[in-house]
Amino acid sequence: MKKTILMTSLLASVLLVNCGPKMNDNTKSSSADGVSIEDVDPMPYANSITAEELKEMLYVYASDEFEGRNTGEPGQKKAVAYLKEFYENQNIAAALDSTYFQTVPESFFRAGSGIKASENVVAYIKGSTKPEEYIIISAHLDHVGMSDDGEVYNGADDDGSGTVGLLEIAEAFNDAVKAGHAPQRSVVFLHVTGEEKGLYGSRYYAENPIFPLANTVADLNIDMIGRVDDAHKDNENYIYLIGSDKLSTELDSISTAVNEKYMNIDLDYTYNDDKDPNRFYYRSDHYNFAKNGVPIIFYFNGVHADYHKVSDTPDKINYPMLQKRTQLVFLTAWELANRADRIVVDKK
């Protein structure tokens, strides 16, 4: 997560919706095996997201070899190569004419910052019946690099946890495709660079969208979902949700209904309050979608003593909760991708 607070105007007042809607209406679309996609149980695919696989990937992605994944530096280049190889191995398509990299040029960064050109990594699964509507799932691939004396800021939680969660979500969707259950809407897996420098990668994507923002149904952004903060030390079964009701009351109620049906995680809206001094709503990559009218949900475990320190290492991740939270994001994306009607933007 970006440490500097971005000072921007508030988009909307808060309206929390506690009851979930009917998950789908009676409009049906058949998948390859003749079963309506609305009738397909997504839990077998959600259960393919495991703590063991998340741990295996995170111990690589947040290792010293990746040198803290500083934007434009060699460690970040290793990180994007790792992500590209994953999608190639999964046979998940690149978003840009057979390349997974959306280059963010050096000139896009703040003048005099010394930040070198970098890359967003973008893959997608094309929708079966509504391919020109898009669900984006995002996480930032970068971290803050190394200290002057060579210590590595591994960024296991920030945002290695979101990155490997996104990879597991992509694999779960791909497993469904292989079983003949492709999503109705296209699902975009967006790994953005330069978040720690000022949300640059997501801003570049929003200003140069690969898929039209007008056709983007929602962005589900994952930034730090692998730890338990002090406020929940007696109840680790939680996740902070931020922004889910800011632009679409329907998105918030769908999110609640999905959680109640499948996961039963405590949804904590503490940081969704417009008056919260932390202003987390403005501090991660979802905001560059929200300010352009795209409904968002930001999934977040809260800060902890290792935030932006060399001690943010893979051994401190709560892998069972990382699994559950990742499954929740997948199931929410599944519902958004496969429900008959696109969610309505009813708030400004």
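Predicted model: local features only at pLDDT ≥ 70, side-chain atom pairs only at ≥ 80, totals over all residues.
How many nonpolar, polar and charged residues are in the lining of the largest cavity?

Residues are numbered from 1 along each chain as its sequence is written, and side-chain values use heavy atoms, without hydrogens and water.

A cavity here is a set of points on a 1 Å grid over the protein atoms alone where a 1.4 Å probe fits but cannot get out; lining residues have an atom within 4 Å of a point. The volume is the space filled by probe spheres set on the points, which are joined across faces, edges and corners. There is 1 cavity of 30 Å³ or more, and the largest has a volume of about 60 Å³. Its lining has 11 residues, with Tyr-271, Asp-273, Asp-274, Tyr-281 and Tyr-282 nearest the centre. To answer the opening question, the lining has 5 nonpolar, 1 polar and 5 charged residues. Ala, Val, Leu, Ile, Met, Phe, Trp, Tyr, Cys and Pro count as nonpolar, Asp, Glu, Lys and Arg as charged, and the others, Gly among them, as polar.

Let me turn to helix packing. The axes, lines fitted to C-alpha atoms over the stretch in contact, with angles from 0 to 180 degrees between N-to-C directions, come within 11 Å for helix H2 (residues 51-61) and helix H3 (residues 74-90), crossing at roughly 150°. Helices are DSSP runs (H or I, at least four residues), numbered from the N terminus. In contact, meaning heavy atoms within 4.5 Å, are Met-57, Val-60 and Tyr-61 of H2 with Ala-79, Tyr-82, Leu-83 and Phe-86 of H3. These residues comprise 7 nonpolar, no polar and no charged.

Methods. 1 Å grid on protein atoms, 1.4 Å probe; cavity = no way out; pocket = protein on both sides within 12 Å on 5 of 7 lines; lining within 4 Å. Helix = DSSP H or I, 4+ residues; strand = E, 2+ residues; numbered from the N terminus.
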